Amino acid sequence: MNAPLRRVGVVVMILFGLLFANLNWIQAYKADEYRNSDYNGRVQVAEYERKRGNIEVGGTAFALSKETSGKLKFQRTYPGGAMYAHVLGYKPVNLGDTGIERLENDFLAGTSDQLIANRIKDMFTGDQTGGGNVLLTLSKRAQETAYKQLNDNQVGAKRGAAIAIDPRTGAVQALVSMPSFDPNPLASHDTNEATAEYNKLDKDKDRPLANRALGEVLPPGSTFKIVVAAAALENGVTQQTQIPAGSSYTPPTSGQPIRNAAPSICPESQVSLREAVTESCNTGFAQLGVRLGADKIKEKARAFGFEQDDLSVGETGEKGGLPVAASRTGEMTAPGGGTDPAALAQSSIGQRDVRMTPLQGALIAATVANDGSQMRPYLVKQLLGPDRTTVYDPAKPRELRQPISSQVAGDLRDMMVNVVKEGTGRKAAIDGYTVGGKTGTAQSGPNTPDHGWFIGFALDKNGTPVSAVCVELEQAGSGGSAEAARIAGRIMAAAIAEGR
């Protein structure tokens with residue numbers, strides 16, 4: 001054999017080798033990905049042969065499948081419409097799944113290993129047993145209240161979020177993002193209609209597809225003062241310790257003074273920490289933050305959950321869930337390095353580069369209410385087989401972290417209760433329950449209205465925490481934090497009423 005033929009032979013052998021390797025790569029490693037792809041038409045048709053299970057809240061199905069006469073035998077429908085959209089997500093024909101529909105897809109579709117007995121039985125009977133059912137932790141009353149109150153807010157905010165959790169377990173009681181969307185058109189079997197609806201929502205300037213309760217961060221304003229207060233309590237400050245205050249404070253290196261929201265707020269040269277929390281004293285907390293230093297504040301924020309990049313909300317195990325954006329404190333440093341007192345002062349009142357999700361706000365309040373223990377938030381309460389026998393119970397509450405001691409939690413609890421009794425959070429009060437909280441007003445830009453925040457908790461007559469909440473109204477302007485407090489009180493009252 002001459003040299004050219006040998007070279008051709010070598011090239012052909014290499015090509016066959018590469019082809020063989022690629023075939024094995026596809027069969028061994030990529031098979032599941034291709035088989036389960038949202039764009040695999042054959043899989044889609046097969047998936048719709050089996051009735052998909054329900055997603056339920058309080059015994060009512062808010063995601064269910066109805067039989068059709070078309071090629072795809074079952075149509076996914078969402079009776080709750082926009083009210084549950086950011087939790088349930090949607091199951092489209094030609095788009096990617098979202099929400100609980102995606103998280104629990106295998107169980108709902110009946111392809112989970114937990115339901116293998118049903119599939120084996122179907123091989124002998126010829127039946128197509130439906131998928132399993134997913135029961136959520138949400139309270140129907142709390143969810144309905146959160147949705148209606150957010151959308152009918154009295155300050156005209158068009159964007160915002162609310163989330164409530166049980167401080168003792170981490171179970172999510174309500175989760176609403178405003179504006180929302182109707183998932184039904186996205187699940188249409190008319191793929192042109194579904195795509196057109198998705199494109200319309202995707203281009204909407206208010207971004208209704210965004211989950212603001214979990215996936216959006218904004219400056220939290222004075223709600224962040226609870227983190228600074230916790231750091232202070234751990235470093236020699238008590239509720240009665242006098243801290244510098246005054247009507248104005250200009251940090252070193254800055255020509256921009258920090259002032260309080262009104263001249264009547266802590267004009268004294270000194271106030272107690274308790275008074276500073278109750279009145280939401282900017283000058284007091286700005287100076288307190290500079291005194292404590294950036295390291296202590298950032299360390300305490302991390303202890304509460306800031307900077308966590310891998311948190312998700314679904315089951316309590318390691319399966320994952322709906323993604324959660326990381327809350328951040330920012331660097332608090334000067335351009336050339338080292339601590340910048342001006343940046344630190346602004347950060348200590350929840351401005352500058354501090355950013356927080358509503359979930360993080362609810363977790364701060366829940367931690368204070370739950371004696372310093374922060375529980376892992378979760379949405380999936382129970383998984384039921386097609387015959388509604390219990391298959392798997394993933395709702396085993398787990399502690400996520402212990403950010404503060406019981407003593408510090410008690411001091412923060414007392415001060416936050418005083419905020420609702422005598423301070424800026426009066427509108428969150430609930431008859432017959434002890435309510436604590438903290439309002440927050442955060443600048444959104446030089447020419448745009450401020451954001452309004454409230455974080456809080458409710459305790460029963462025995463001091464047992466029953467609900468913790470965060471409400472955020474984006475660019476709500478004057479009165480936004482007071483309105484957030486009012487809405488938060490309504491949501492917690494609804495969760496309490498359903499839990500009785």
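Buried means under 20% relative accessible area, exposed over 50% and partly exposed in between, with a 1.4 Å probe and protein chains only. The legends below describe a predicted model, in which local features need pLDDT of at least 70, side-chain atom pairs count only at pLDDT 80 or more, and totals for chains, interfaces and linings use all residues. Residues are numbered from 1 along each chain as its sequence is written, and side-chain values use heavy atoms, with hydrogens and water left out.

**View 1**
A salt bridge is a side-chain nitrogen of Lys or Arg within 4 Å of a carboxyl oxygen of Asp or Glu. By this rule the model has 19 salt bridges. K205 and D206 form one of them, at 3.8 Å from N to O. D206 is buried at 14% relative accessibility, whereas K205 is exposed at 68%. R212 meets E474 with the closest N and O atoms 3.4 Å apart. Because R212 lies in helix α9 and E474 in strand β19, this pair ties together parts that are 262 residues apart in sequence. Both partners are buried: R212 has a relative accessible area of 2% and E474 one of 13%. A network of salt bridges links R159, K205, D206, R212 and E474.

**View 1. The salt bridge between R207 and E216.**
The side chains of R207 and E216 come to 3.0 Å, N to O. R207 is partly exposed at 36% relative accessibility, and E216 is partly exposed at 23%.

Helices (H or I, at least four residues) and strands (E, at least two) are DSSP runs, numbered from the N terminus. Two strands pair if DSSP finds at least two bridges between them. The open sheet has 5 strands in the order β6-β5-β19-β18-β17, with antiparallel pairing. Its edge strands, β6 (172-178) and β17 (434-442), each pair on one side only. From one strand to the next the twist averages 10°; axes are lines fitted to C-alpha atoms, for helices over the stretch in contact, and angles run from 0 to 180 degrees between N-to-C directions. Strands β18 (residues 451-459) and β19 (residues 465-474) share 8 bridges, and F457 stands opposite A468 in β19. Helix α17 (residues 480-499) packs on the sheet, touching β5, β6, β17, β18 and β19, and its direction makes about 145° with that of β19. Of the 20 residues in α17, 14 are buried. Helix α7 (residues 140-151) lies across β5 (159-165), β6 and β19, at about 25° to β6.

**View 2. Strand β14 and its two partners.**
Strand β14 (residues 380-384) runs antiparallel to β4 (residues 133-136), joined by 4 bridges. N133 has L384 in β14 as its bridge partner. β14 and β15 form a hairpin with 5 residues between them, and R388 in the turn has a positive phi of about 70°.

**View 3. The surroundings of T223.**
T223 sits in the loop between α9 (212-215) and α10 (225-233). At 1% relative accessibility, T223 counts as buried. A polar atom of the T223 side chain lies 2.8 Å from the backbone oxygen of P220. Leaving aside neighbours within four places in sequence, T223 is in contact (heavy atoms within 4.5 Å) with M356, K438, T439, G440, W453, F454 and I455.

Technical notes:
A polar contact is a pair of N or O atoms within 3.5 Å; within protein, one must be able to donate a hydrogen and the other to accept it, and residues adjacent in sequence count only if both atoms are side-chain atoms.
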